[in-house]
Amino acid sequence: MEVFSRGPEQTRRIGMRLGGALQVGDVICLQGDLGAGKTTFVQGIAQGWRSLDAVSSPTFIIVNVYRRGDEARLFHMDAYRLDSTPEAEELDLDSMLAQGALIIEWPERMNGLVPDERLWVSLKHIDEEEREMKFKSSGKRYDNLLEVIRHAAYGGD
Ligand SMILES: Nc1ncnc2c1ncn2[C@@H]1O[C@H](COP(=O)(O)OP(=O)(O)O)[C@@H](O)[C@H]1O
Ligand SMILES: [Mg+2]
């Protein structure tokens with residue numbers, strides 16, 4: 001599915017809808033060049049998820065953990081600096097997924113360690129205020145999340 005976002009607010013709003021629907025164990029992959037809107041989208045996801053913590057780019061520490069008013073966690077990983085498979089394997093994805101949802105930026109650098117079932121989001125700069133957002137689901141759970149996004153993008157409120 002493809003959506004053209006006409007500005008950062010729209011990207012954030014779609015993220016909020018997705019964030020509101022996230023459950024423990026969900027995996028969201030986020031692909032896109034610098035300035036494509038990944039952080040903007042994650043800010044929306046975190047807000048919709050009701051994070052108490054502000055989103056920041058986990059460039060140096062690889063994984064940020066956001067909290068909210070219950071036990072659930074939202075993990076925000078940036079694989080940009082991962083340069084070896086052993087390094088990636090040390091990131092205990094299973095234990096993260098047992099506690100919360102996981103957003104992975106630069107998933108293409110994870111050397112096949114990304115779970116097969118996931119929502120894959122590709123963001124692309126089109127124009128100053130326009131971004132192409134492509135969503136691809138793998139697995140039944142993610143077909144459902146795709147519906148949530150379809151609604152956010154096309155289905156009024
Ligand atoms: N439609 C849009 N969606 C997302 N960001 C947009 C959009 N239009 C303009 N922008 C701007 O583009 C920049 C995107 O930056 P950011 O979200 O940090 O990207 P990334 O994390 O992918 O590098 C922000 O300054 C944002 O305000
Ligand atoms: Mg960013």
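In β4, which residue is the bridge partner of N64? The partner is H76, and this pair belongs to the five bridges that join β3 to strand β4 (residues 73-78), two strands that run antiparallel. The model is predicted, so local features need pLDDT of at least 70 and side-chain atom pairs count only at pLDDT 80 or more, while totals for chains, interfaces and linings use all residues. Residues are numbered from 1 along each chain as its sequence is written, chains are lettered from A and ligands numbered from 1 in the order in which they are written, and side-chain values use heavy atoms, with hydrogens and water left out.

**The sheet**

- Seven strands form an open sheet with mixed pairing, in the order β1-β7-β6-β2-β5-β4-β3, where strands (E, at least two residues) and helices (H or I, at least four residues) are DSSP runs numbered from the N terminus, and two strands pair if DSSP finds at least two bridges between them.
- The edge strands, each pairing on one side only, are β1 (2-5) and β3 (63-67), and the twist from one strand to the next averages 20°.
- Strands β2 and β6 run parallel and are joined by four bridges; C29 has W120 as its bridge partner in β6.
- Strands β6 and β7 run antiparallel and are joined by eight bridges, with R131 in β7 as the bridge partner of H125, and a hairpin joins β6 to β7 through five residues.

**Helices on the sheet**

- Helix α1 lies across β1, β2 (27-31), β6 (118-125) and β7 (131-138), and runs at about 135° to β1, where angles run from 0 to 180 degrees between N-to-C directions and axes are lines fitted to C-alpha atoms, for helices over the stretch in contact.
- Helix α5 also packs on the sheet, touching β1, β2, β6 and β7, and its direction makes about 155° with that of β7.

**The pair α1 and α5**

- The axes of α1 (residues 8-21) and α5 (residues 140-154) come within 9 Å and cross at roughly 145°.
- In the contact (heavy atoms within 4.5 Å), R13, I14, R17, L18 and A21 of α1 meet R141, L145, V148, I149, A152 and A153 of α5.
- The residues of this contact divide into eight nonpolar, no polar and three charged, where Ala, Val, Leu, Ile, Met, Phe, Trp, Tyr, Cys and Pro count as nonpolar, Asp, Glu, Lys and Arg as charged, and the others, Gly among them, as polar.

**The largest pocket**

- The largest pocket holds about 230 Å³ of space; a pocket is an open set of points on a 1 Å grid over the protein atoms alone where a 1.4 Å probe fits, with protein on both sides within 12 Å along at least five of seven lines, and lining residues have an atom within 4 Å of a point.
- Its volume is the space filled by probe spheres set on the points, which are joined across faces, edges and corners.
- Of the 14 lining residues, L34, K38, T39, S57 and E105 are the closest to the centre of the pocket.
- Helix α2 (residues 38-49) supplies the largest share of the lining, three residues, and the lining divides into four nonpolar, six polar and four charged residues.
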